[in-house]
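Student: I have a structure open and would like to go through parts of it. Can we start with how helices pass each other?

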Amino acid sequence: MKTEPVVPARIDFDAAGLPHAPDFGDVYHAQVGAFEQARHVFLAGNGLPGRWAGQRRFVIAETGFGLGNNFLATWAAWRDDPARCAQLVFVSVERHPPTRADLARALHGSPRPELAAELVAAWPPATPGLHTIDFDGGRVRLLLGYGDAAALLPELRLVADAIYLDGFAPGRNAAMWSAPVFQALARLSAPGTTAATWSVARAVRDGLAAVGFELERRAGIGGKREISVARYAPRFVPPAPPRDGAALPLARDAVVIGAGLAGAAVAQALAAEGLAVTVFERQAAPGAETSGNPAGIFHGTVHADDGPHARLLRAGALLATRTYAPLFDAGLVPGSTRGLLRLDAGPVEAMQALATRAGLPADWVQVLDSAAASALAGLALPSPAWFYPGAGWCSPAALAAHWIATPGVAFVGGTEVARLERAGGRWRLLDAAGGTLAETAIVVLANASDAARLAAAWMPEACTWPLQRVRGQVSAWTGPRAPLALPVAGGGYALPGPDGGVVFGASSQAGDEDPARREADHAENLAKLKRLTGLEPPPDAGAWPGRVGWRLVAEDKMPIIGALPAAVPAHRAEQPRRWPRHEGLFACTALGSRGITLAPLAGRLVAAMATGAPWPLEQDLVDAVDPARFAARALRRRG
């Protein structure tokens with residue numbers, strides 16, 4: 001999916017404080033009030049709150065998030081309903097989101113000020129794509145997509161229980177009520193999905209009817225004589241694509257193999273979906289291998305074409321910040337989201353031109369000359385830098401241990417899984433002697449390079465993963481607090497040590513299996529540190545010789561996340577997303593050097609795939625991390 005810069009909404013407020021959209025010649029809500037309109041048109045029009053009573057999850061899809069009043073009214077109704085569903089998922093798209101300042105002004109005086117304040121505080125940067133925001137401990141999840149509805153809706157993976165159609169008037173914003181939008185909504189629906197809108201325009205009613213909705217008119221509100229409500233009742237329901245067989249929405253248990261960052265993140269996400277999760281780890285404790293480094297960094301990246309790599313890292317970094325900040329603030333995990341500086345050769349003018357062309361907002365990334373970057377770092381830096389305000393560092397071992405301690409997760413250390421068997425519709429995990437370790441509905445291979453060994457027996461030969469183990473040695477000194485205020489990266493990294501000093505590195509040697517710490521690698525890391533920051537160990541620094549680990553890197557530098565393919569169709573032109581998948585067998589590995597950045601997103605994506613929840617990532621990005629993608633490329637090369 002080609003992204004476009006997000007252009008924030010232009011909002012005018014009249015004398016009564018009512019927000020107007022001058023670019024569309026329309027108002028954001030009726031004079032009667034936003035909550036009143038939301039309750040009458042969208043909630044009542046979809047049979048809410050009654051329809052979500054007692055359900056595990058209820059999914060609402062919306063076109064036109066606007067100022068968020070429909071979301072806030074729905075959240076308020078959910079909070080006030082003792083029979084509410086266990087989880088409310090609200091998925092909305094918006095091409096022109098308000099700025100945080102305009103949102104705060106528009107929601108001033110909201111009937112639910114406490115909810116409005118939470119939304120304003122969580123408002124994401126204006127970057128294209130999906131933003132995942134949790135409220136009420138994840139029991140209310142907002143998936144907010146910034147972009148054109150016709151382009152973004154087809155990339156969503158969900159099944160909506162209800163749909164809110166709330167763009168500006170069809171005569172003023174015809175693109176929001178077009179045939180491609182209605183077709184995309186039909187794809188996100190199942191028989192019985194309901195829809196509601198304040199519009200009774202002929203084009204709207206005909207468009208919904210054409211894709212399988214049955215419509216009726218009901219009494220309107222706020223000067224509207226009638227509104228439209230609908231129910232999806234297509235004459236023909238196409239079979240679900242083979243990938244959907246991987247999801248087990250009624251599963252109650254899961255096993256994750258591997259307790260590094262990837263496995264711990266998946267375990268936590270599956271437990272949040274209500275599953276009983278067991279984690280098997282060959283080491284005695286979580287995060288004992290490469291995830292056991294004393295500290296590491298997380299941040300996004302800027303690419304001129306905003307391709308899959310940049311978009312994936314941006315989505316991962318944004319969710320990482322939202323996930324980690326509360327943990328750091330509460331002292332549960334050592335770390336910081338105060339920002340990170342990534343050095344660039346410049347010149348500053350070229351960097352700024354790239355940021356401007358991409359429409360990147362300042363609350364996501366900023367271009368700083370060397371003087372401004374040095375002021376933030378607390379010491380002299382040799383070049384300009386990209387400043388990521390929400391990025392930072394954390395202790396991966398502490399993070400993995402925290403996730404493994406999630407209620408509903410059981411940890412079994414010192415145990416290696418030798419192979420998998422399929423019996424009676426469930427997976428059986430066996431040890432080297434053939435003994436059964438566990439039986440479960442869902443298995444996730446998150447054990448780094450060993451995942452390929454376990455997966456090989458269940459994947460077609462064409463799906464072999466081209467992976468490389470890369471040895472890395474990280475260095476540090478302990479003791480006096482260094483003047484370094486923020487992490488600095490760029491051909492290496494340096495960050496303030498959790499216990500004083502500096503953590504820096506790392507060396508990188510592909511195919512090197514030497515586990516010994518090497519003085520030559522430490523010297524290499526010291527040279528990187530001096531180049532980045534000018535720092536050298538003080539005479540009274542405590543010597544720390546370093547730590548060795550291995551990162552798993554795929555040929556295309558993208559992670560491997562998703563359901564394992566069961567077969568490769570003979571017709572090489574068929575899309576991998578349509579290939580058959582093993583029921584309940586997933587991989588989450590090859591996160592490479594970006595494990596801290598990608599772990600929360602990877603965990604949620606696997607959990608969504610396994611349980612049928614809405615995916616937190618666009619389909620084209622999921623294709624880019626699909627375990628089957630290498631087979632598709634091999635088939636194309638042969639053809």
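Tutor: First, a definition: a crossing is right-handed if the near helix is turned clockwise from the far one by less than a right angle, and left-handed if anticlockwise. Keep in mind that this is a predicted model.

Student: OK. Which hand does the crossing of helix 8 and helix 15 have?

Tutor: Helix 8 crosses helix 15 in the right-handed sense.

Student: At what angle do their axes cross?

Tutor: At roughly 40 degrees, with the axes of helix 8 (residues 261–272) and helix 15 (residues 595–611) coming within 8 Å. That angle makes helix 8 oblique to helix 15.

Student: And which residues meet there?

Tutor: From helix 8, Leu 261, Ala 265, Val 266, Ala 269 and Leu 270 take part. On the helix 15 side, the residues include Gly 595, Ile 596, Ala 599, Pro 600, Gly 603 and Arg 604. Sorted by class, the contact between helix 8 and helix 15 has 11 nonpolar, two polar and one charged residues.

Student: What about helix 9 and helix 12, at what angle do they cross?

Tutor: The axes of helix 9 (residues 308–329) and helix 12 (residues 396–404) cross at roughly 90 degrees and come within 12 Å. Helix 9 is therefore roughly perpendicular to helix 12. Thr 323, Tyr 324 and Leu 327 of helix 9 make the contact with Leu 399, His 402 and Trp 403 of helix 12. By class, that contact of helix 9 with helix 12 has four nonpolar, two polar and no charged residues.

Student: Switching to sheets. What holds strands together in one?

Tutor: Strands of a sheet pair through backbone hydrogen bonds, in either a parallel or an antiparallel way.

Student: What is the strand order in the open sheet of eight strands?

Tutor: The order is 6-7-5-4-8-9-11-10, and the pairing is mixed. Strand 6 (129–135) and strand 10 (213–219) are at the edges with a single partner strand each, so one side of each has no neighbour in the sheet. On average, neighbouring strands of this sheet are turned by 20 degrees against each other, ignoring direction.

Student: Are strand 4 and strand 5 parallel or antiparallel?

Tutor: Strand 4 (residues 57–63) and strand 5 (residues 87–94) run parallel, joined by seven bridges. Phe 58, for example, has Leu 88 in strand 5 as its bridge partner.

Student: One more strand. Which residues sit on each side of strand 18?

Tutor: In strand 18 (residues 385–388), Ala 385 and Phe 387 are on one side and Trp 386 and Tyr 388 on the other; all are buried, and both faces are covered. In a regular strand, side chains alternate between the two faces of the sheet.

Student: What pairs with strand 18?

Tutor: Strand 16 (residues 340–343) is joined to strand 18 by four bridges and runs antiparallel to it. Strand 17 (residues 366–368) pairs with strand 18 over three bridges, also in the antiparallel sense. Leu 341 has Phe 387 as its bridge partner in strand 18, and Val 367 stands opposite Trp 386.

Technical notes. Residues are numbered from 1 along each chain as its sequence is written. This is a predicted model: local features need pLDDT of at least 70, side-chain atom pairs count only at pLDDT 80 or more; totals for chains, interfaces and linings use all residues. Side-chain values use heavy atoms; hydrogens and water are left out. Axes are lines fitted to C-alpha atoms, for helices over the stretch in contact, and angles run from 0 to 180 degrees between N-to-C directions. Helices (H or I, at least four residues) and strands (E, at least two) are DSSP runs, numbered from the N terminus. Angles under 35 degrees count as roughly parallel, over 145 as roughly antiparallel, 65 to 115 as roughly perpendicular and the rest as oblique. Contact means heavy atoms within 4.5 Å. Ala, Val, Leu, Ile, Met, Phe, Trp, Tyr, Cys and Pro count as nonpolar, Asp, Glu, Lys and Arg as charged, and the others, Gly among them, as polar. Two strands pair if DSSP finds at least two bridges between them. Buried means under 20% relative accessible area, exposed over 50%, partly exposed in between (1.4 Å probe, protein chains only).
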